[in-house]
Amino acid sequence: MAATLIDGKAIAATIREEVKAEVAQLREKGIAPKLNVLLVGDDPASVVYARSKEKSCANVGIDFELKTMPGSTTIEEVLALIDAWNKDTSVHGIMIELPLPKGMDKKVVLEAVDPKKDVDGSHPINRGYILSGGEGLFPATPQSCIEVMLRSGIEIKGKNAVIVGRGETVGKPLVFMMLNQNATVTVCHTKTADLAYHTKQADIVIAAVGRAKMVTADMIKPGAVVVDAGINPAEGGGICGDVDFENAKEVAGAISPVPGGVGSLTTVLIQKNVLKAIKLQGLA
Ligand code: NAP
């Protein structure tokens, strides 16, 4: 293997210790950080994600409350709960598990969350802060793409970065987050005329596509940094990324695997957002 492996699990463990220490300091000051998660309906993957957040919060000392509502719940009932959580000063972070039941307007629900408690970084006000360079709550997955590089000693400033994918969750926010890191950014998508032309110029390729192994070794400049945000079902079970890892690792200078890369940081970065939310709410 030519490339250095970007070890998301080790980076997550380091950040987890930082979060634990900060939580302990806040608790000494009488602040008990708390994350509330709302799950509407019975999407099996969402139940697993919510339970995994609960376990992880217990591990760092963040209080956690999961509210489950049946799929038949009306949007008015959901908005009333969010309003109560917005007003509850003991709740510092709010997350709405997606997908919501069919027919429930996701935009209306997500925009009801107080932007200062929006630890998922999906509120338009927080999206706006990414553009203006302000202090907001930013989404965990694009933040993770940057964090795995910075914490591996990879310089982003001045580099040609190509982001493959312009999805709302990862690609689009990442464009401006990478600009804020002073990269020169190109963003590619399904209408890009010659994807490989662009990726081959890149010092940094970030894949956020949702297509298993579509970024292949021949699309990568030798020595480039390859960050894979993808999560796809793998042949024979498990998950794989958007990059053909086995072949790309022979060409890249550094590469993040799936699993064990970008995805390893998401929960701990949401917890970091809970701590940032406490500051934004003027409590610490
Ligand atoms: P999305 O909204 O579906 O966006 C996918 C993007 O990829 C679109 O912009 C699409 O282009 C582009 N694309 C699709 N096929 C392409 C191709 N053949 N060539 C070039 N571009 C192509 O996806 P997302 O929600 O942003 O998620 C992106 C990936 O990140 C997925 O694998 C998802 O599972 C993963 N993800 C990971 C985490 C994590 O915790 N690690 C969290 C969230 C998402 P158009 O805009 O032209 O359609």
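This briefing describes the surroundings of selected residues and the state of the cysteines in a predicted model. Local features are reported at pLDDT of at least 70 and side-chain atom pairs only at pLDDT 80 or more, while totals for chains, interfaces and linings use all residues. Residues are numbered from 1 along each chain as its sequence is written, and side-chain values use heavy atoms, with hydrogens and water left out.

**Asn232**

- N232 is placed in strand β9, residues 232-233, where helices (H or I, at least four residues) and strands (E, at least two) are DSSP runs numbered from the N terminus.
- With a relative accessibility of 6%, N232 counts as buried; buried means under 20% relative accessible area, exposed over 50% and partly exposed in between, using a 1.4 Å probe and protein chains only.
- A polar atom of the N232 side chain lies 3.0 Å from the backbone oxygen of G241, and a polar contact is a pair of N or O atoms within 3.5 Å, of which, within protein, one must be able to donate a hydrogen and the other to accept it, with residues adjacent in sequence counting only if both atoms are side-chain atoms.
- Apart from its neighbours within four places in sequence, N232 is in contact (heavy atoms within 4.5 Å) with G210, R211, A212, G238, I239, C240, G241 and D242.

**Cysteines**

- The whole structure contains zero disulfides, a disulfide being a pair of cysteine sulfur atoms within 2.5 Å.
- C240, which is among the residues in contact with N232, is buried at a relative accessible area of 10%.
- The closest cysteine sulfur to that of C240 belongs to C145 and is 16 Å away, so the two are too far apart for a bond.
- C57 is likewise buried, with a relative accessible area of 1%.

**His123**

- H123 sits in the loop between α4 (106-112) and α5 (124-132), and this loop residue is buried, with a relative accessible area of 8%.

**Ile278**

- I278 belongs to helix α10, residues 266-280, and is buried, its relative accessible area being 0%.
- Although I278 and L26 are 252 residues apart in sequence, their C-alpha atoms are 9.5 Å apart in space.
- Leaving aside neighbours within four places in sequence, I278 is in contact with L26, I31, P33, H92, L283 and A284.
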